[in-house]
Amino acid sequence: MRDVAVIGAGLTRFGERWEHGLRELIAEAGMQAIMDANIESKDIQIVYGSTMASGRFVGQEHLAALLADQMGFKNVPAVRVENACASGGSAVRQGYIAVASGMYDIAVIGGVEKMTDVTTAEATTALGGAGDQEWELAQGITFPGLYALIANRHMHEYKTTEEQMASVAVKNHRNAIKNKYAQFHKEITIDEVLKSKIVSDPLKVLDCSPISDGAAVIVLAPLESAKKYNDTPIKIAASAQASDTLALADRDSLTELKATRLAGRDAYAKARLKPTDINVAEVHDCFTIAEILAMEDLDFYGKGKAAKAIEDGETEINGKISINTSGGLKGCGHPVGATGVKQIAEIVTQLRGEAGERQVAGAEVGLTHNVGGSGATAVVHILNRVN
Amino acid sequence: MERASASLWRRINERYNLVGNKCENCGRIYFPKRIVCRQCGRKTKMTETKLSGNGKVYAVTKIRVPAQAFKDSAPYTVAVVELEEGPRVEGHVVDAGNGEVKIGTKVHSVFRKMHADGEEGLIYYHFKFEPV
């Protein structure tokens with residue numbers, strides 16, 4: 001196995017991109033990534049395309065070939081990776097394995113979702129497929145419903161409050177204002193979150209990540225030759241992944257995502273780093289309660305301790321640890337298949353020192369955390385600057 | 001999505017009668033049924049077992065923004081119920097009257113209509129829970 005680096009990244013603006021279809025989104029992000037990596041289309045040897053439910057959202061399957069085609073990479077092998085909301089992170093990991101193994105030198109990972117072409121009810125149904133179709137979705141248990149059950153239990157076990165959950169959304173909206181690719185550029189208050197429409201008690205609209213269109217693309221190369229393309233390659237120090245039961249009810253605990261716990265610990269061990277070594281992280285805040293769980297299960301805080309720390313501002317940009325500087329899924333938007341790839345792009349931007357107003361001072365080590373379903377998949381990557 | 005009847009028919013025993021299974025090797029009870037025991041792997045020895053339907057609410061929410069097929073029945077209360085035999089199951093909680101459904105509320109299973117595929121499609125039946 002050899003070391004792997006990210007040599008390029010590209011994003012579209014996330015949000016309601018009514019003027020663009022799926023193919024325009026991926027081409028826009030792909031072109032940026034290629035320019036950023038300073039490579040030619042002919043250099044690309046393999047493409048991993050991630051989308052959660054393009055078949056459900058726009059009726060299009062066979063996504064990877066379409067992505068390779070639209071990004072202008074002629075005849076390269078192209079493989080779709082689907083792992084619900086963790087499709088992007090899972091695709092990055094497949095690209096990492098392909099390059100680390102020595103089988104391919106240049107791999108492109110492109111994530112995309114086009115969600116606003118269907119109604120909210122249809123989108124809710126499509127996303128419900130990330131849970132257990134026969135025993136959750138078939139009973140009308142939606143995705144926010146599953147996280148609401150987690151929140152209800154977390155509030156019961158750890159006295160977590162609705163205000164603390166709301167503080168996650170407030171922070172991530174504030175960060176998103178400083179990100180030109182983000183869906184929302186509007187500060188919100190705790191009170192606004194608490195008074196927003198209830199989706200599934202106790203979660204309100206402003207506790208939930210939005211329905212979004214968008215794409216993200218990154219380029220990977222062996223670290224040994226990465227400087228040939230890019231002055232500031234970012235090393236992937238660890239790539240880890242774990243799974244768990246698809247149905248929430250089958251888990252031993254509702255208040256811990258065991259897949260996150262396992263993938264996180266595996267990643268720290270592989271990178272020979274501790275949670276306290278991480279300067280900046282993009283964690284999977286599909287709902288505000290999910291960021292609280294992530295902060296605990298990635299060992300940044302003990303169980304039941306994260307909510308207060310977030311409320312106290314410890315996870316603001318340049319706080320004790322800077323969390324979701326992009327705005328996270330909540331503020332930046334959550335085009336499902338693109339999210340895991342976008343997280344890598346944000347950490348690369350931070351570690352290069354190119355994050356502008358939202359730059360974390362002296363960021364050397366970053367982490368990404370991408371969850372599928374209500375926790376049946378978790379993917380964790382650790383990245384660092386190469387000095 | 002409209003489904004063929006076989007997809008409902010094969011689950012009748014589980015969805016109507018709350019029949020799960022038990023691994024005779026380790027004693028663990030599963031609902032819904034599994035072919036392979038998560039603890040015993042190739043040593044799995046499953047037999048069917050009917051669950052009592054008695055349990056306690058372990059976590060609960062009221063879903064107000066529904067999935068497509070449930071748009072006429074929102075809001076509805078959904079819980080993770082811990083059955084007295086051990087397994088936790090997800091299900092609707094109905095007929096609570098004015099009583100609050102919360103963690104610890106005792107419930108038992110009842111047989112109810114879940115939803116229908118429009119005016120002429122299949123009708124889906126399912127166990128639900130009601131407070132004792």
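How many of the ten residues of helix α11 (residues 288–297) of chain A are buried? Ten of the ten are, so the helix is largely enclosed by the rest of the structure; a residue counts as buried if 20 or more other C-beta atoms lie within 10 Å of its own, as exposed if 12 or fewer do, and as partly exposed in between, with C-beta atoms placed from the backbone. Helices (H or I, at least four residues) and strands (E, at least two) are DSSP runs, numbered from the N terminus. The model is predicted, and local features need pLDDT of at least 70, side-chain atom pairs count only at pLDDT 80 or more, and totals for chains, interfaces and linings use all residues. Residues are numbered from 1 along each chain as its sequence is written, while chains are lettered from A and ligands numbered from 1 in the order in which they are written.

The buried residues of α11(A) include Thr288(A), Glu291(A), Glu296(A) and Asp297(A) as well as Ile289(A), Ile292(A) and Leu293(A). These buried residues pack against α6, α7 (162–176), α10 (258–271), α12 (306–311), α13 (328–332) and β11 (365–372) of chain A. Just after α11(A), Asp299(A) takes a positive phi of about 65°.

Turning to the whole chain, 14 helices and twelve strands make up the secondary structure count of chain A. Its radius of gyration is 19 Å, close to the 21 Å that the globule rule gives for 387 residues, so chain A is as compact as a globular protein of that length; the radius is taken over C-alpha atoms, and the rule is 2.2 Å times the number of residues to the power 0.38. Along the principal axes, the C-alpha trace of chain A spans about 55 × 45 × 40 Å. Of the 387 residues, 66% count as buried. Among contacts in chain A with a separation of 6 or more, 77% come from residues 24 or more positions apart, where two residues are in contact if their C-beta atoms, placed from the backbone, lie within 7 Å.

In soluble globular proteins, nonpolar side chains tend to be buried together. Here the largest nonpolar core holds 171 residues, and Val47(A) and Ile218(A) touch the most other members; such a core is a set of buried Ala, Val, Leu, Ile, Met, Phe, Trp, Tyr and Cys residues joined through C-beta atoms within 7 Å. Beyond its neighbours within four places in sequence, Val47(A) is in contact with residues including Leu67(A), Phe73(A), Val76(A) and Val108(A).

Strand β8 (residues 234–243) of chain A is also largely enclosed by the rest of the structure, because eight of its ten residues are buried. β8(A) is joined to strand β12 (residues 377–385) of chain A by nine bridges, and the two run antiparallel; strands pair if DSSP finds at least two bridges between them. β8(A) also pairs with β1(A), in the antiparallel sense, over two bridges. Lys235(A) in β8(A) stands opposite Ala5(A) and has Asn384(A) as its bridge partner in β12(A).

The domain assignment of chain A, with bounds from an automatic or database source, gives domain 1 (4–119 + 211–226) and domain 2 (130–210 + 237–385). The C-alpha centres of these two domains lie 22 Å apart, and 34 residues of domain 1 are in contact with 31 residues of domain 2. On the domain 1 side of this contact, β1 (4–11), α4 (87–100), β4 (107–114) and β7 (213–222) of chain A each supply at least two residues. α4(A) gives the most to that side, with eight residues. By class, the side divides into 19 nonpolar, eleven polar and four charged residues, counting Ala, Val, Leu, Ile, Met, Phe, Trp, Tyr, Cys and Pro as nonpolar, Asp, Glu, Lys and Arg as charged, and the others, Gly among them, as polar.

Chain B is assigned domain 1 (1–17 + 53–132) and domain 2 (19–51), with 23 Å between their C-alpha centres. An open sheet of three strands in chain B has the order β2-β1-β3 with antiparallel pairing, and its edge strands are β2 (29–30) and β3 (46–50). Five bridges join strand β1 (residues 19–23) of chain B to β3(B), and Lys22(B) stands opposite Thr47(B) in β3(B).

Finally, the contact between the chains takes 26 residues from chain A and 25 residues from chain B. On the chain A side, α6(A) gives the most, with seven residues.
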